[in-house]
Amino acid sequence: MQSRAAHRLIAHDLLPQILKSNHWGFFEYLILRYIYPLLSFDELSMLFQQVKRMMQNRIDYDGNTYAYETMSMVFIHAINSMPSDKVTSFLHHFKWLYSIDEANRSRWHAIGGLKTALDLAQRTVTTRASVQQFITYCKSTGHAIVLADLRAQWQNFVPDGYFEISSSTR
């Protein structure tokens, strides 16, 4: 069995090849999903900038669901691995998610994860209000399953009732 250090070297070698790819298919997304814990956060930023370019350049881009799902996992990985100030800086690289015009459930999940991670890292009235607004949008647009998925994914990081609409802020 290879050591984690050996896996990191393999991941580091694969990253430039993935970034050069002009057509990402299923294989690349499997790599994306399993490579992210082995990459540094700077490398993850580069990787997801490539994903952003692919989404912007190809209307028929079919790998977006895999990318959004991986982003959701990366946000938890960041909260779990870095100090708050570095998490916040890292997460700001993903604000482009808001400008993608797609009603994809996995995109909504990624946006909810991003807003949650920013709220946990910054803990301000503004970030909490952003999460509350997202919850309202999910409920009013039929994305309640997204909230259930977020509850399950973030249950070890947020208090009970976090994904419910409340009249008060922290």
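## Basis

Residue numbers start from 1 along each chain as its sequence is written, and side-chain values use heavy atoms, leaving out hydrogens and water. Because the model is predicted, local features need pLDDT of at least 70 and side-chain atom pairs count only at pLDDT 80 or more, while totals for chains, interfaces and linings use all residues.

Helices are DSSP runs (H or I, at least four residues), numbered from the N terminus.

Helix 3 spans residues 41–57, 17 residues in total. From first C-alpha to last it reaches 24 Å, close to the 24 Å expected at 1.5 Å a residue; the expected span is 1.5 Å times one less than the number of residues. Its buried residues (under 20% relative accessible area, 1.4 Å probe, protein chains only) include F41, L44, L47, F48, V51, M54 and M55. E43, S45 and Q50 are buried too.

Helix 1 (residues 4–20) crosses helix 3 at roughly 25 degrees, and the axes come within 10 Å. Helix 1 is therefore roughly parallel to helix 3 (angles under 35 degrees). Axes here are lines fitted to C-alpha atoms over the stretch in contact, with angles from 0 to 180 degrees between N-to-C directions. The crossing is left-handed: the near helix is turned anticlockwise from the far one by less than a right angle. H12, L15, I18 and L19 of helix 1 meet E43, M46, L47 and Q50 of helix 3, contact being heavy atoms within 4.5 Å.

Helix 6 (residues 105–122) has 18 residues.

Helix 6 packs on helix 7 at about 155 degrees, with axes 8 Å apart. The two are therefore roughly antiparallel (angles over 145 degrees). This crossing is also left-handed. From helix 6, the contact includes W108, I111, K115 and L118. Helix 7 contributes residues including V131, F134, Y137 and C138.

R123 lies in the loop between helix 6 and helix 7 (125–140). Just after helix 6, R123 takes a positive phi of about 50 degrees. R123 is not glycine.

T88 lies in helix 5 (residues 84–91). At 12% relative accessibility, T88 counts as buried. Leaving aside residues up to four places away in sequence, T88 touches L118, A121 and Q122.

How values were computed:
Buried < 20%, exposed > 50% of the residue type's maximum accessible area, 1.4 Å probe, protein only. Parallel < 35°, antiparallel > 145°, perpendicular 65-115°, else oblique.
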